[in-house]
Amino acid sequence: MIPENPVSQFLFSSVYAAWIWLIIRLYVGYAWLTAGWKKVQSDAWTGENAGSAVEGFIKGALAKAADGKDVTGWYAGFLENTVLPNAKTFGFLVAYGELLVGLGLIVGLLTGIAAFFGGVMNVSFLFAGTLSTNPILFILATWLVLAWKNAGWYGLDRWVLPLLGTPWHRESSKNSNHSADM
């Protein structure tokens with residue numbers, strides 16, 4: 001085993017660093033929650049005209065790809081052949097996905113998973129040629145994924161993760177004691 005350096009051990013394993021992750025978590029969570037809430041309330045995302053916002057976004061990305069700007073060919077193919085025909089479904093997925101990622105990060109529930117899916121959405125928007133806040137949110141989401149053990153310490157993860165059987169609460173300690181008795 002390669003020993004972990006003190007800085008990464010502090011940042012990604014220490015409860016004393018959890019306050020740093022709390023601030024980052026709340027910032028990223030608020031960004032996702034407000035974006036998702038606006039989309040959930042929008043007729044173009046989840047209402048009677050659901051999918052029209054996604055269609056407009058995809059058509060803009062496809063125009064960038066056709067001009068050879070910001071969108072690669074393979075991603076344009078994915079957008080055109082998978083997302084565009086299912087724009088209504090993707091509208092609901094994006095709107096409620098953003099809302100759930102925001103809620104998960106704000107309350108600190110399954111923080112690493114919420115941050116991962118937030119990062120997936122950020123990368124999807126980046127691949128589609130949209131900058132906005134996506135680069136910084138992606139970086140922060142990546143850090144939250146790395147800090148999954150302590151990023152939700154000031155949140156529900158403190159109680160939920162041990163119930164789910166996180167690596168540090170598994171029955172490995174019982175197995176190691178049993179093997180020592182042999």
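Biologist: How much space lies in the largest pocket?

Modeller: Keeping in mind that this is a predicted model, the largest pocket holds about 580 Å³ of space.

Biologist: Which residues lie nearest its centre?

Modeller: Of the 27 residues that line the largest pocket, Phe57, Val94, Glu98, Met121 and Phe125 lie nearest its centre. The elements that give two or more residues to this lining are α2 (18–41), α3 (52–66), α4 (73–83), α5, α6 and α7 (134–146).

Biologist: And which of those gives the most to the lining?

Modeller: That is α2, which gives five residues.

Biologist: Switching to the surface, which residues form the nonpolar patch?

Modeller: The patch is formed by Val107, Leu109, Leu110, Ile113, Phe116, Phe117, Val120, Leu156, Trp159 and Leu164, which together have about 920 Å² of accessible area. Two or more of its residues come from each of α6 (111–127) and α9 (157–164), and α6 gives the most, with four.

Biologist: Where is Leu109 found, then?

Modeller: Leu109 sits in the loop between α5 (87–107) and α6, and because its relative accessibility is 31%, it counts as partly exposed.

Biologist: What does Gly104 contact, beyond its neighbours in sequence?

Modeller: Setting aside residues within four places in sequence, Gly104 is in contact with Leu109 and Ala114. Gly104 itself lies in helix α5.

Biologist: Is Gly104 buried or exposed?

Modeller: Gly104 has a relative accessible area of 9%, so it counts as buried.

Definitions and conventions. Residues are numbered from 1 along each chain as its sequence is written. This is a predicted model: local features need pLDDT of at least 70, side-chain atom pairs count only at pLDDT 80 or more; totals for chains, interfaces and linings use all residues. Side-chain values use heavy atoms; hydrogens and water are left out. Patches are made of residues with over 30% relative accessible area and no salt bridge: like charges are joined within 9 Å, nonpolar side chains (Val, Leu, Ile, Met, Phe, Trp, Tyr) within 5 Å. Accessible areas come from the Shrake-Rupley method with a 1.4 Å probe; for residues, only the protein chains shown count as cover. A salt bridge is a side-chain nitrogen of Lys or Arg within 4 Å of a carboxyl oxygen of Asp or Glu. Buried means under 20% relative accessible area, exposed over 50%, partly exposed in between (1.4 Å probe, protein chains only). Contact means heavy atoms within 4.5 Å. On a 1 Å grid over the protein atoms alone, a cavity is a set of points where a 1.4 Å probe fits but cannot get out, and a pocket is an open set with protein on both sides within 12 Å along at least five of seven lines; lining residues have an atom within 4 Å of a point. Grid points are joined across faces, edges and corners, and a volume is the space filled by probe spheres set on the points.
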